[in-house]
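Hello,

Here is the structure I promised to pass on. My notes follow below it.

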Amino acid sequence: MAATALTGAKPVALVVFLENVGHIQGLSLPGWAMAAVDWVTEEYAKVLLHLYGAHRRYDRVIILEDADTTGPNLARTLLSASRTHTLDLLLLVHGENGVLVGYRGKEFVGAETFDALRTVYRDDPSSLDLRAVYGLNCYGLSLAWNWMSLGAQVANGAAGVNWFPEPSLSVFLRNWLRGEPYSKAVQCSNESANRWWRRILPRRAEADHPWITSSRQVVVGQRDVTIHG
């Protein structure tokens, strides 16, 4: 059942900003390996969206991938799609403090994009209809204010490097797409990732491993939402 059926308002679309660039934190890979990682991870993400029913739950799914993952293209897409849909945004890209890392790791989505969107939104709040923003990007918390200033109701973010893209993504999508509140879906996702990785990472008696602390997901927003509204 698509989200619009229960909200009775505008139909709801999912915008996916998807670019892995083949980078794995802490590893220096040859070009062929980076290309393979890039392709496999992006295809895996698209498989998850189909597996957990994103294309059935949303009225529209818009995927910006590879060369489309630039700041100007993200801004154009959000503004264009907002004319007809309420938007949820899924950020499956790398990040640095205050920016998203787009196409081939050379396109950075930062102040220029957010400032431009804020100008449009300030002049006409109906021009941007953003609801929930979920991201796996590193330093996602540094972008939280930007999403709130653009009208998002809720968003998440890691304080530092996010070492645990999985099982974070799959657990979040499974819970969110079956109707759990956003905050609960993020919490379940983070707890599952921590539980899984604690079995793998070296044990520390006095505190969690730094990767767990760095990857902790924080939820910010004005109100909790579900996929249905």
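Is Asn73 buried or exposed? Asn73 counts as buried, because its relative accessibility is 15% (buried means under 20% relative accessible area, exposed over 50%, partly exposed in between, with a 1.4 Å probe and protein chains only). Asn73 sits in helix α4. Leaving aside residues up to four places away in sequence, Asn73 touches Leu64 and Asp68 (contact means heavy atoms within 4.5 Å).

Some ground rules. This is a predicted model, in which local features need pLDDT of at least 70 and side-chain atom pairs count only at pLDDT 80 or more, while totals for chains, interfaces and linings use all residues. Residues are numbered from 1 along each chain as its sequence is written, and side-chain values use heavy atoms, with hydrogens and water left out. Helices (H or I, at least four residues) and strands (E, at least two) are DSSP runs, numbered from the N terminus.

Now the strands. Strand β6 covers residues 130–135, and six of its six residues are buried, so β6 is largely enclosed by the rest of the structure. Strand β3 (residues 86–96) runs parallel to β6, joined by five bridges (strands pair if DSSP finds at least two bridges between them). Leu87 stands opposite Leu130 of β6. Strand β7 (residues 154–158) also runs parallel to β6, with two bridges. Here Ala132 has Val154 of β7 as its bridge partner. With helix α6 (residues 144–149), β6 and β7 make a right-handed β-α-β unit (clockwise from the first strand over the helix to the second, with the strands pointing away from the viewer).

Next, helix packing. α4 (residues 71–82) and α5 (residues 111–123) pack at about 25°, with axes 9 Å apart (axes are lines fitted to C-alpha atoms, for helices over the stretch in contact, and angles run from 0 to 180 degrees between N-to-C directions). α4 and α5 are therefore roughly parallel to each other (under 35 degrees; over 145 is roughly antiparallel, 65 to 115 roughly perpendicular, the rest oblique). The α4 residues in contact include Ala75 and Leu78, and those of α5 include Leu117.

Helices α7 (residues 165–177) and α8 (residues 182–198) cross at roughly 150°, and their axes come within 8 Å. That makes α7 roughly antiparallel to α8. Among the contact residues are Phe172 and Trp176 of α7, and Trp196 and Trp197 of α8.

Best wishes
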